[in-house]
Amino acid sequence: MCQINTSPMISELGCLDIHVPPDIVYGGDTSADLAVAEGDNATLSCRATGHPPPRVSWRREDGEPIVIRASTAGGSTFEKHDHYNGSLLHFYRVERRQMGAYLCIASNDVPPAVSKRVTLAVNFAPVVKAPNQLLGAPLGTDVQLECYVEAFPNTINYWVKNQRGTEDEMLLEGPKYSVREERTGYTVLMWLLIKKFTDRDVGSYKCVSTNSLGKADGTLRLYEIKIGFDKVGSRGKDHVSIIGGLAEAAQSSGASSGVDGFSGSGSSLSHILSMFFFIPILWPR
């Protein structure tokens, strides 16, 4: 208040409003990184101070929409939000696809806005899927086996060959086998390349995945496709026939289901052959 001591006294009242940029309160009011079991409930919280009072919103760091259940009772209907407004972000019966890094953003039109990164980890036992459980290939070719794994925490993955009457043989990288895997988030693609396929390679193979919550495997059976030559009638043409190559439907192995399809890299000769029972190929003399 400004005052002039005259008669009568003159005064003027002024108001000072100080704007304070937002600041996120760290500690018990704001979540740290969180890990929960799949199917449990989870809540991410974020509290901010400032003047005017800040607005708090959430978004996923990877740009994907936030997926939350429409009902607190844990129904099967989900809602998608590019941004979710509110200091509390609730997940009911959390699923693995909701795993990721979330950004809490506080703003009140006083720059700068601030954010905090909170990671939600969803733990679950491995689930293994073998897209082709029955594969055939001619002798002398390279054969590639593939498996798809979902799990968190990260898994230890390996391949074994079933041996009748003896312990399964673990297959390692070397002149005979090439072993590799590609990890993206909680998914892993496993490949086993068998070089120069021989009759000794015929048999059953397992892709095995294990973490602290469990163990799962997928079984693939590999057999020889026999190639024969014969003559075709009076036309005098060579006829090559390939017998076998049935690719069975894939099935899952693990503590739970929920694997949606499989995407792998390039197909090998054995995969092409495995789509047909009989392939005639004719060459003129």
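**Disulfides and an open sheet**

Tutor: Number this protein's bonded cysteines in sequence order and the pairing reads 1-2, 3-4. The model is predicted, so local features need pLDDT of at least 70 and side-chain atom pairs 80 or more, while totals for chains, interfaces and linings use all residues. Residues count from 1 along each chain as its sequence is written, and side-chain values use heavy atoms, leaving out hydrogens and water.

Student: How many disulfides does a search of the whole structure find?

Tutor: A disulfide is a covalent bond between the sulfur atoms of two cysteines; here the test is a sulfur pair within 2.5 Å. The search turns up 2. In one, the sulfurs of Cys46 and Cys104 sit 1.8 Å apart. The S-S torsion of that pair is about -65°, so it's left-handed. Cys46 is in the loop between β5 (42–45) and β6 (48–51), and Cys104 in strand β12 (100–107), 58 residues apart. Strands are DSSP runs of E, at least two residues, numbered from the N terminus.

Student: And what is the sulfur distance for Cys147 and Cys207?

Tutor: It's 1.9 Å. Their torsion is about -70°, so this disulfide is left-handed. Cys147 lies in β15 (143–152) and Cys207 in β20 (203–211), so parts 60 residues apart in sequence get tied together.

Student: Is Cys207 buried or exposed?

Tutor: Buried means under 20% relative accessible area, exposed over 50%, partly exposed in between (1.4 Å probe, protein chains only). Cys207 is buried at 0%, whereas Cys15 is exposed at 80% and Cys2 partly exposed at 48%.

Student: In what order do the strands of the open sheet run?

Tutor: β14-β21-β20-β16-β17, with mixed pairing; pairing takes at least two DSSP bridges. β14 (134–137) and β17 (169–171) are the edges, each with a single partner, so one side of each lacks a neighbour in the sheet.

Terms used. Helices (H or I, at least four residues) and strands (E, at least two) are DSSP runs, numbered from the N terminus.
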